[in-house]
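Dear colleague,

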Amino acid sequence: MRYSERELLSLSRQPAEKAAEILMRVPKKGSVLKKRLVKLVVNFLFYFRTDEAEPIGALLLEHCRITKEEENVFSISFIEEPDRKYSFECDTEEQCQEWIEALRRASYEFMRRSLIFYRNEIQKMTGKTTTELHRIASFEKPAALKESKDIQHLTKRHNGQCAANNCSYHNFSSQWSALYPPTSHLHRTVY
């Protein structure tokens with residue numbers, strides 16, 4: 001995938017799932033550990049000089065391997081380029097483990113596996129595919145579903161709970177109706 005510098009800069013300014021100042025070594029020969037602000041946003045790991053607002057680099061967490069090297073050291077290497085290895089040294093073993101877990105959850109492969117897992121679980125629980133559920137939840141409801149007693153029962157139950165719990169949706173809609181009454185009595189003038 002290709003990203004423009006402007007897109008990456010914009011993404012780097014988004015709220016981070018995890019961020020910290022940790023020691024980092026890039027895969028250049030003779031590279032030493034340097035303190036960097038490391039920021040995880042979606043599936044990008046941005047790294048900054050500690051005194052600058054713009055990132056000096058970004059790692060796309062696809063087809064990568066996150067490995068715990070030592071007690072408080074982990075590395076990121078890429079399957080296509082195993083020699084290209086970035087090392088990170090945390091203050092504690094706990095911080096190191098937190099980073100490893102966050103980075104693994106952020107990878108595209110993990111998100112894809114999770115989506116497939118939850119899709120299968122939903123199908124087991126409901127007996128319907130996610131596509132069928134999406135169609136049911138959208139405005140394209142089949143006629144048989146509109147008349148379903150289950151839907152009528154759920155609607156009555158929701159309305160009963162609303163009356164008991166002062167439902168914010170119904171409060172909002174009644175306030176909206178008071179401010180903006182139905183416009184059926186208005187006539188349109190054509191010039």
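Lys18 lies over the face of Trp99, at 5.3 Å from the ring centre. Please keep in mind while reading that this is a predicted model. Lys18 also forms a salt bridge with Glu98, in which the closest N and O atoms are 3.4 Å apart. Because Lys18 belongs to strand S1 (residues 18–25) and Glu98 to helix H2 (residues 93–106), this pair ties together parts that are 80 residues apart in sequence. Lys18 counts as buried, with a relative accessibility of 19%, just as the cut-off of under 20% requires, whereas Glu98 is partly exposed at 34%.

The search of the whole structure finds six salt bridges, and two others among them may interest you. Arg49 and Glu52 meet through their side chains at 3.5 Å, N to O; Arg49 is partly exposed at 36% relative accessibility, and Glu52 is partly exposed at 37%. Lys124 forms a salt bridge with Glu121, with 3.3 Å between the closest N and O atoms, and these two residues, three apart in helix H3 (residues 108–126), are separated by about one helical turn. Here Lys124 is exposed at 63% relative accessibility, while Glu121 is partly exposed at 25%.

Turning to the rings, the search of the whole structure finds five aromatic pairs. One of them joins Tyr47 and Tyr86 in a tilted arrangement, 6.4 Å centre to centre and with 50 degrees between the planes. Since Tyr47 is in strand S3 (residues 44–49) and Tyr86 in strand S7 (residues 85–89), the pair ties together parts that are 39 residues apart in sequence, and both tyrosines are buried. Phe74 and Phe88 form a stacked pair, 4.9 Å centre to centre with 15 degrees between the planes; Phe74 lies in strand S6 (residues 73–78) and Phe88 in strand S7, so this pair ties together parts 14 residues apart in sequence. Phe74 and Phe88 are both buried.

Ring pairs also link Tyr47, Phe78 and Tyr86 into a cluster, and the ring of Phe78 has the charged end of Arg84 sitting over it, 4.4 Å from its centre.

Notes
Residues numbered from 1 in each chain as written. Predicted model: local features only at pLDDT ≥ 70, side-chain atom pairs only at ≥ 80, totals over all residues. Heavy atoms only, no water. Salt bridge = Lys/Arg side-chain N within 4 Å of Asp/Glu carboxyl O. Helix = DSSP H or I, 4+ residues; strand = E, 2+ residues; numbered from the N terminus. Buried < 20%, exposed > 50% of the residue type's maximum accessible area, 1.4 Å probe, protein only. Phe/Tyr/Trp six-rings, centres within 6.5 Å; stacked < 30°, edge-to-face > 60°. Lys NZ or Arg CZ within 6 Å of the ring centre and 35° of its normal.
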